[in-house]
Amino acid sequence: MASLFEAYITNLGKYNEGELVGETLKFPTTTEEVQALLKRIGVDGVRYEEFFITSFDGDVLGLYDYLTEYENLDELNYLACLLSELDQGELEKFEAVIDSGEHTSSVADLINLAQNLDCYEFYPGVEDDETLGRIYVEDMEAIDVPEHLLNYFDYEAYGRDIRLEEDGHFAPGGYVLNNGGQFIEHYHGIEDIPDEHKVFAFPQLTVREQMAAYKEIIDGSSLEGYRKIAAKEHEER
């Protein structure tokens, strides 16, 4: 499955200690790739358990304006998997809708949008009122203009009226509007993510690696180290 976007995953504990340790994770991803990356940056679930996302990059126009540093990796992966199932036209429609600012308050919103694109109409390449007006008059025949008056018709004014009336939006890729279809909220939280799209897991450490991790904690701070070990053992029971 081709990569749609990527996130730079950073070890939060190391960052707080003054060291920037991180690596790029491409989405969609797998549990094995997540575990391997976390292990390489030292987020092993023992010494360091927290991470954050320093930056995003990729080919989905405008998506990164709505993603934050503490996003859930499972949600990001589910979103990437849904977007990977869209054809090029649907992906452009998705980009146009988020450019309009609809359904962008969270990754959950974006996930639901990806599953409700039939609620929107999208006209690729239509980026101004005059072009919109011509489409409605010449292609859609929304208004009957006598042929001898076509050269005098104000397509721009008509297009502007249409856009304002239907609350449409010019995005970088074209014109988009809500067609009034029923928007169904399929996704409510991480419990709705199919198991095959859940990818987060701490690395599987060998006994030797676990012992080395615990020793490092104890050597670094005896009391705090014992507290971490006790808490970890309690969670595993």
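Two residues are in contact here when they have heavy atoms within 4.5 Å of each other. Keep that in mind as we go through this predicted model, where local features need pLDDT of at least 70, side-chain atom pairs count only at pLDDT 80 or more, and totals for chains, interfaces and linings use all residues. Residues are numbered from 1 along each chain as its sequence is written, and side-chain values use heavy atoms, with hydrogens and water left out.

Let's start with the overall picture. The protein has nine helices and six strands; these are DSSP runs numbered from the N terminus, with helices (H or I) needing at least four residues and strands (E) at least two. Of its 237 residues, 41% count as buried, where buried means under 20% relative accessible area, exposed means over 50%, and partly exposed is in between (1.4 Å probe, protein chains only). Among contacts with a separation of 6 or more, 68% are between residues 24 or more positions apart.

Now go inside, to helix H5 (residues 107-114). Seven of its eight residues are buried, namely Val107, Ala108, Leu110, Ile111, Asn112, Leu113 and Ala114. Their cover includes helix H3 (73-84), helix H4 (88-99) and strand S4 (120-124). Take Ile111 in this helix: its relative accessible area is 0%, so Ile111 counts as buried. Beyond its neighbours within four places in sequence, Ile111 is in contact with Glu75, Tyr78, Leu79, Leu82 and Tyr187. One of these, Leu79, is 32 residues from Ile111 in sequence, yet their C-alpha atoms are 5.4 Å apart.

For another setting, look at Thr24 in strand S2 (residues 22-27). Thr24 is partly exposed because its relative accessibility is 35%. Leaving out residues up to four places away in sequence, Thr24 touches Glu6, Ala7, Tyr8 and Leu37. Glu6 is 18 residues from Thr24 along the chain, with 6.5 Å between the C-alpha atoms.

On to the charges. Side chains of opposite charge can pair when their charged atoms come close. A salt bridge here is a side-chain nitrogen of Lys or Arg within 4 Å of a carboxyl oxygen of Asp or Glu, and the count comes to seven. Arg163 and Asp129 make one of them, at 2.7 Å from N to O. This pair links distant parts of the chain, with Arg163 in helix H7 and Asp129 in helix H6 (residues 129-139), 34 residues apart. Both Arg163 and Asp129 are buried. Asp195 and Lys198 also form a salt bridge, with their closest N and O atoms 3.7 Å apart; here Asp195 is exposed at 62% relative accessible area, while Lys198 is partly exposed at 34%. Glu130, Arg134 and Glu138 are linked in a salt-bridge network.

Finally, some acidic side chains gather on the surface. Glu127, Asp128, Asp154, Glu156, Asp161 and Glu165 form a patch of negative charge. Patches are made of residues with over 30% relative accessible area and no salt bridge, with like charges joined within 9 Å. Asp and Glu count as negative, and the place of the charge is CG of Asp or CD of Glu. Asp161, in helix H7 (residues 155-166), is partly exposed because its relative accessibility is 46%.

Terms used: Patch = residues over 30% accessible without salt bridge, like charges linked within 9 Å, V, L, I, M, F, W, Y side chains within 5 Å. Areas by Shrake-Rupley, 256 points an atom, 1.4 Å probe, with all protein chains shown as cover.
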